[in-house]
Amino acid sequence: MDRALQERARATRRALLEAAAFLFAERGYAGTSVNDISTRSGRTSGSVYFHYASKEGVALAVVQDRFATWPDLAARYTDETVPPLDRLVALSYDIAHALAGDPVTRAGARLWAERDTINTALPDPFPLWTAAATRLLAQARSAGHLAPHVRPARTARTLVRAFFGLCSLTEALEGAATVPDRLTDWWHLTLPSLQPAPLPTAAPGEAPRSA
């Protein structure tokens, strides 16, 4: 296949995936047909079956495209001059903005939530997300930025699940646009529980207490 044909095939595949993502995000898996995808993309149904073989194949591709690869975002947060907890919070906002504004990410999240209705195995992103959060929390502990009682692996698992639940429920009740604001509320509540307690302030005339 020459380069022009390869580029055309990639463009067609991408157009089909993005059309499907928009429809899956808005209507869900059951509410979207192959004909719907072909109509929205401006391609034929035959193109869908050529590139993805089935509607299940399209759903799998959508989940793999963004939703299951979010831990790759953690690569942007390797600057060790930035405190690890700051990097963890910034990463969560990247994900929240994607959930609120990126159709492919939103579709991936909805499809994963509807996975029991889809006749194919969808990748589970949560172990990877948890591993990324665990690394950042472990770095925070090494830097002395984590409260002594906080265990990185257990805490990361809880944070990831709570974060996804917050985003999902907020979108259902208030709409995707409010997810970043609710995330701010969540971090105001959660972050102090992760951080060491500040040293008591010395009374006038007293020496500061040591840790």
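This is a predicted model: local features need pLDDT of at least 70, side-chain atom pairs count only at pLDDT 80 or more; totals for chains, interfaces and linings use all residues.
Let's start with helix 7. It runs over residues 126–142, 17 residues in total.

Now, which residues of helix 7 are buried? They are Phe126, Trp129, Thr130, Ala132, Ala133, Leu136, Leu137 and Ala140. These cover an arc of only 160° around the axis, so they sit on the same side of helix 7. An α-helix has 3.6 residues a turn, so residues three or four places apart point the same way.

What covers that buried side? The cover includes helix 5, helix 6 and helix 8.

One more residue in helix 7 is Ala138. Its relative accessibility is 27%, so Ala138 counts as partly exposed. Pro152 and Ala138 are 14 residues apart along the chain, yet their C-alpha atoms are separated by 5.6 Å.

What comes after helix 7? Gly144 follows, and its phi is positive, near 80°.

Last stop: helix 5, residues 84–101, which holds Ser92. Is Ser92 buried or exposed? Its relative accessibility is 8%, and buried means under 20%. So Ser92 counts as buried. Which residues does Ser92 touch, leaving aside its neighbours within four places in sequence? Ser92 is in contact with Phe163, Leu183 and Trp187.

How values were computed:
Residues are numbered from 1 along each chain as its sequence is written. Side-chain values use heavy atoms; hydrogens and water are left out. Helices (H or I, at least four residues) and strands (E, at least two) are DSSP runs, numbered from the N terminus. Buried means under 20% relative accessible area, exposed over 50%, partly exposed in between (1.4 Å probe, protein chains only). Contact means heavy atoms within 4.5 Å. The expected span of a helix is 1.5 Å times one less than its number of residues. The arc is that of the directions from the helix axis to the C-beta atoms.
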